[in-house]
Amino acid sequence: ATLGRQGLTVSARLGRAALLMLAMLRGLPALLRRPRLLLEQLLSVGVLTVLIIAVSGVFVGMVLGLQGYYVLSQFGAEESLGVMVAASLVRELGPVVTALLYAGRAGSALTAEIGLMKATEQLSGLEMMAVNLVDRILAPRLLAGIISMPLLAGMFSAVGVLGGYLVGVDMLGVDTGAYW
């Protein structure tokens, strides 16, 4: 009975989450009439995350370049450092680390913002004014995340390759042409 009750609870929560996701997706076309909401969220979750993405990307690229150089030098393949750093960042590390940093920075900011709105009863006030909370609050944040995540991941990878260049070419003496 306990297992069945827990299974029903999990199923009900998954169903509510799926319905909320569908409601947010239905609210995306309404953003065309209010692009200011989207631009505010792009600033909040995208632009304000750029600094942490750039700094982390440089250091991840530097560490990857340093570790990769020592492994490749054992086989006499130092000229492959640039390809290794770029491939590792673009295929694996870039999107994953960007997603973690985005979730930590933007996710916590969004959670705090919506929690404060709930605590100060702003959400109740909007409901009293017949404002659709999903269209007004959640859909802009979802679309801003969908737009900003690939851009941030690309920037992380590009800055990481530059970080690998700093270590590989400037510090360890790999040929610049071979790196690029």
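Is Gln 122 buried, partly exposed or exposed? I looked this up before anything else. Gln 122 is partly exposed, because its relative accessible area is 41%. I note that the model is a predicted one.

**Entry: around Gln 122**

I placed Gln 122 in helix α5, which covers residues 122-128. I then checked its side chain for partners. The side chain of Gln 122 makes a polar contact with the side chain of Thr 120, at 3.0 Å.

**Entry: salt bridges**

How many salt bridges are there? I counted two.

I began with Arg 36. Arg 36 pairs with Glu 40, and their closest N and O atoms are 3.0 Å apart. Both residues sit in helix α2, residues 35-46. Four residues separate Arg 36 from Glu 40, about one turn of the helix. I also looked up how open each partner is. Arg 36 is exposed, since its relative accessible area is 58%. Glu 40 has a relative accessible area of 35%, so I wrote it down as partly exposed.

Next I took up Glu 113. Its salt bridge partner is Arg 141, with the closest N and O atoms 2.9 Å apart. Glu 113 belongs to helix α4 (residues 81-119) and Arg 141 to helix α6 (residues 133-171), so this pair ties together parts that are 28 residues apart in sequence. Is Arg 141 buried or exposed? Arg 141 counts as buried, because its relative accessibility is 10% and the cut-off for buried is under 20%. Glu 113 is partly exposed, at 30% relative accessible area.

**Entry: nonpolar cores**

I turned to the nonpolar residues. The largest nonpolar core holds 33 residues. Which residues have the most contacts inside it? I found Leu 81 and Tyr 179. Helices α1 (2-27), α2, α3 (50-73), α4 and α6 each give this core at least two residues. Helix α6 supplies the largest share, eleven residues.

I ended where I began, at Gln 122. This partly exposed residue lies in helix α5, and its side chain contacts that of Thr 120.

Terms used. Residues are numbered from 1 along each chain as its sequence is written. This is a predicted model: local features need pLDDT of at least 70, side-chain atom pairs count only at pLDDT 80 or more; totals for chains, interfaces and linings use all residues. Side-chain values use heavy atoms; hydrogens and water are left out. Buried means under 20% relative accessible area, exposed over 50%, partly exposed in between (1.4 Å probe, protein chains only). A polar contact is a pair of N or O atoms within 3.5 Å; within protein, one must be able to donate a hydrogen and the other to accept it, and residues adjacent in sequence count only if both atoms are side-chain atoms. A salt bridge is a side-chain nitrogen of Lys or Arg within 4 Å of a carboxyl oxygen of Asp or Glu. A nonpolar core is a set of buried Ala, Val, Leu, Ile, Met, Phe, Trp, Tyr and Cys residues joined through side-chain atoms within 4.5 Å.
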